[in-house]
Amino acid sequence: MRVLHVLDHSLPLQSGYTFRTRAIVKAQLARGWEVVCLTGARHAKDGPDPETVDGITFYRTAKPAPAPAPLREWREIRALSARLDALVREWRPDQLHAHSPVLNALAALPVARRHGLPLVYEIRAFWEDAAVGNGTGREGSARYRLTRLLETHAARRADAVAVICEGLKLDLIRRGINPAKIVVSPNGVDMDLFGAPPAADAAFARSLGLEGADVVGFIGSFYDYEGLDDLIAAMPLLIERRPKARLLLVGGGPMEGALKAQAAASPVADRISFVGRVPHDEVELYYALIDVLAYPRKAMRLTELVTPLKPLEAMAQRKLVAASNVGGHRELIEDGVTGTLFPAGDPRALADALAGLFERRGEWEARRDTARAFVERERNWTSNISLYAPLYQRLTGKRA
């Protein structure tokens with residue numbers, strides 16, 4: 001089996017998107033398949049073409065001439081489609097697998113038809129909702145409605161659609177997409193990367209002022225939909241009940257400046273620490289310092305439909321998880337069993353949930369065991385990726 005993946009961006013950039021791609025490709029290579037990847041013009045890291053990173057071959061698409069939207073997106077689709085067409089002629093894949101955003105599917109569809117290849121379109125989030133989530137779009141706008149139409153069109157034209165969660169599948173069915181062509185391939189954890197959590201480093205904890213503290217943490221990107229403003233707002237309320245509580249924020253993103261200003265104005269500013277972005281191979285050092293990982297996502301279409309990856313990584317690290325009760329979290333977390341859920345957008349409820357966890361330390365070990373077992377059993381990449389093999393075989397068999 002020869003599989004060609006079409007991507008927005010890839011390693012060596014580090015994001016949940018690139019780590020999911022890495023897991024998929026590594027698992028397919030381990031099966032003995034031949035696999036290469038092609039990134040679109042939005043891949044923002046300069047490098048050779050092709051480029052090999054972590055044993056994976058990535059081909060690149062040259063950036064077209066700059067232009068305002070929507071001409072910019074049209075040029076990106078044309079450039080990616082032309083590069084993909086040339087690569088298909090050269091490499092002769094059996095299967096095309098295009099991943100979000102929808103621009104990649106629109107570029108791949110005519111190439112797949114021209115060469116008689118099956119196309120899987122993998123949706124990790126709807127592009128229109130992702131734009132609202134990162135602050136570049138507005139729900140209900142003309143652009144939002146157009147993007148939604150394009151997303152539905154691509155899903156209808158693809159031979160199969162893979163989604164990362166039930167929320168996306170149900171939304172596609174409501175749009176009229178045949179349920180028989182939709183496969184759920186959930187987010188998972190690479191247990192080789194997160195499977196052996198290290199012990200906390202006492203000297204490192206002292207250097208950050210966390211020795212002996214009740215540590216609440218967040219590790220990820222600082223987008224508005226993550227609700228980190230609610231987490232900062234909850235800290236004075238938490239410290240009333242847990243004077244040793246500290247908040248550790250690891251990462252960065254569009255909301256970083258606003259969050260730092262909010263923290264500086266907080267009456268417990270000295271209990272809130274920002275450490276910035278850290279290399280991926282150092283993330284475990286910070287996980288080891290944190291008692292409870294907090295995920296206070298706001299309620300909106302993106303968070304209701306899409307399951308995040310970070311809570312699974314925290315469970316694999318044997319960390320307690322407290323998360324807002326949006327749909328994406330409810331699909332991953334069983335309240336009181338694998339994690340704790342609280343009402344979204346409510347700092348007091350968040351503070352109460354965190355305080356309650358710290359007051360019940362005797363239950364922590366059982367909670368950690370249960371959550372870790374859930375990830376190993378149901379959210380392990382080794383088992384999740386096996387879903388693609390029968391899908392590819394069915395599609396390539398139909399084409400043959």
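Guide: Buried here means under 20% relative accessible area. Keep in mind that this is a predicted model.

Visitor: Fine. Which residues of α2 are buried?

Guide: The buried residues in α2 are Glu73, Glu76, Ile77, Leu80, Ser81, Arg83, Leu84, Asp85, Leu87, Val88 and Trp91.

Visitor: And how far does α2 reach?

Guide: Helix α2 covers residues 71–91, 21 residues in total. From first C-alpha to last, the helix reaches 30 Å. That is close to the 30 Å expected at 1.5 Å a residue.

Visitor: What happens just after α2?

Guide: Arg92 takes a positive phi there, about 55°.

Visitor: Back to Trp91. What sits over its ring?

Guide: The charged end of Arg2, 4.1 Å from the ring centre. Phe126 has a charge over its face too: Arg175 lies at 4.1 Å from that ring centre.

Visitor: New topic, the sheet. What is the strand order?

Guide: The order is β3-β4-β2-β1-β5-β6-β7-β8. This is an open sheet of eight strands, and the pairing is mixed.

Visitor: Which strands stand at the edges?

Guide: β3 (51–53) and β8 (182–184). Each has a single partner strand, so one side of each lacks a neighbour in the sheet. From one strand to the next, the twist averages 25°.

Visitor: How many bridges join β5 to β6?

Guide: Four. Residues 95–99 make up β5, residues 119–123 make up β6, and the two strands run parallel.

Visitor: What does His99 stand opposite?

Guide: Glu122 in β6.

Visitor: Now aromatics. How many pairs are there?

Guide: The structure holds eight aromatic pairs. In one of them, Tyr223 and Tyr225 have ring centres 5.4 Å apart and planes at 5°, so the pair is stacked.

Visitor: Are those two tyrosines buried or exposed?

Guide: Tyr225 is buried, with a relative accessible area of 12%. Tyr223 is partly exposed, at 29%.

Visitor: Which residues form the aromatic cluster?

Guide: Phe218, Phe222, Phe274 and Tyr295 form one cluster.

Visitor: Last one, Ala349. Where is its place?

Guide: In helix α15, residues 347–358.

Visitor: Why does Ala349 count as buried?

Guide: Because its relative accessibility is 16%, and the cut-off for buried is under 20%.

Visitor: What is Ala349 in contact with?

Guide: Phe342 and Pro343, leaving aside neighbours within four places in sequence. Val326 is 23 residues away along the chain, and its C-alpha is separated from that of Ala349 by 14 Å.

Technical notes: Residues numbered from 1 in each chain as written. Predicted model: local features only at pLDDT ≥ 70, side-chain atom pairs only at ≥ 80, totals over all residues. Heavy atoms only, no water. Pairing = 2+ DSSP bridges. Axes fitted to C-alpha atoms, helices over the stretch in contact; angles between N-to-C directions. Buried < 20%, exposed > 50% of the residue type's maximum accessible area, 1.4 Å probe, protein only. Contact = heavy atoms within 4.5 Å. Expected span 1.5 Å × (residues − 1). Phe/Tyr/Trp six-rings, centres within 6.5 Å; stacked < 30°, edge-to-face > 60°. Lys NZ or Arg CZ within 6 Å of the ring centre and 35° of its normal.
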